[in-house]
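The following report describes selected features of the protein shown here.

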Amino acid sequence: LGKFKLQNKLTSIVKNEKCDAILSLSNYAIKSKLPQSVMLHWPYAVYPEKEIWSNMSLINKLKRQYTFYKIKQLLPYANHLIVQTEVMKSRVEKHLKYKKSITVIPSAAGFTGDEINSKALKTITSLKENNKKVFLCINEYYEHKNLEILIPLAQKIKLNKSNFVFI
C-alpha cells in the first residue's frame, strides 16, 4: 500500500511545486490535469488470459488484481503512455481501451548493441535539431541505482531555465 500513499504525496508535490508536466515511470498516473506521460511496463495489466493468473497464490492474485484496479482507475489521467513492445501497445489498446497516444520504446535489455531503435533515434535527432540538450535515462528502477538524484537535478535545470529534455 506504500505505493498508493506515495501517489497521494506526489499529487500534492506536483501541485505545490507548480510542475508543468509529469513523467511517471511507475505504471501509475498521478491525479492531475497536467500533461502526463506514464511508462506502463507491468504485463499483468494487459494479459487477462486465465493461464497467466491461474498458477498464482490467492494472495498474489489479490495483490495483482488491486494493482490492476489502481492502474485502470488512474489511467484516464495519462495523456500519453510509453510501453516497451508493439505487442504491449496493441494489448493496451485492446484490453485497457486506451485511445490516446502510445509510444513504443524498447527496453535496453533486449538490445545486442548492434541494433538501433529508429523511432528513438528520430526523436533524439529532432530534439537536437531544435537545439535541445537531451538527457536519456534507460533504466529499470532499483533502489541501488540512486535514480532519486534526478529529482534535484531536474529542479536545478528548471530553475536555470536550461534547454534540457529528459527521455
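Lysine 99 is located in the loop that connects α4 (86-95) with β4 (101-104); helices (H or I, at least four residues) and strands (E, at least two) are DSSP runs, numbered from the N terminus. The model is predicted: local features need pLDDT of at least 70 and side-chain atom pairs pLDDT 80 or more, while totals for chains, interfaces and linings use all residues. Residues are numbered from 1 along each chain as its sequence is written, and side-chain values use heavy atoms, with hydrogens and water left out.

Overall, the protein contains six helices and six strands, arranged along the sequence as α-β-β-α-α-β-α-β-α-β-α-β. Of its 167 residues, 26% are buried.

Accessibility is classed as buried (under 20% relative accessible area), exposed (over 50%) or partly exposed (in between), with a 1.4 Å probe and protein chains only.

| Residue | Relative accessible area | Class |
|---|---|---|
| Lysine 99 | 71% | exposed |
| Glutamine 36 | 1% | buried |
| Serine 101 | 39% | partly exposed |

Glutamine 36 belongs to strand β2 (residues 36-39). A polar atom of the glutamine 36 side chain lies 2.5 Å from the backbone nitrogen of isoleucine 30; a polar contact is a pair of N or O atoms within 3.5 Å, where within protein one must be able to donate a hydrogen and the other to accept it, and residues adjacent in sequence count only if both atoms are side-chain atoms.

Serine 101 is part of strand β4.
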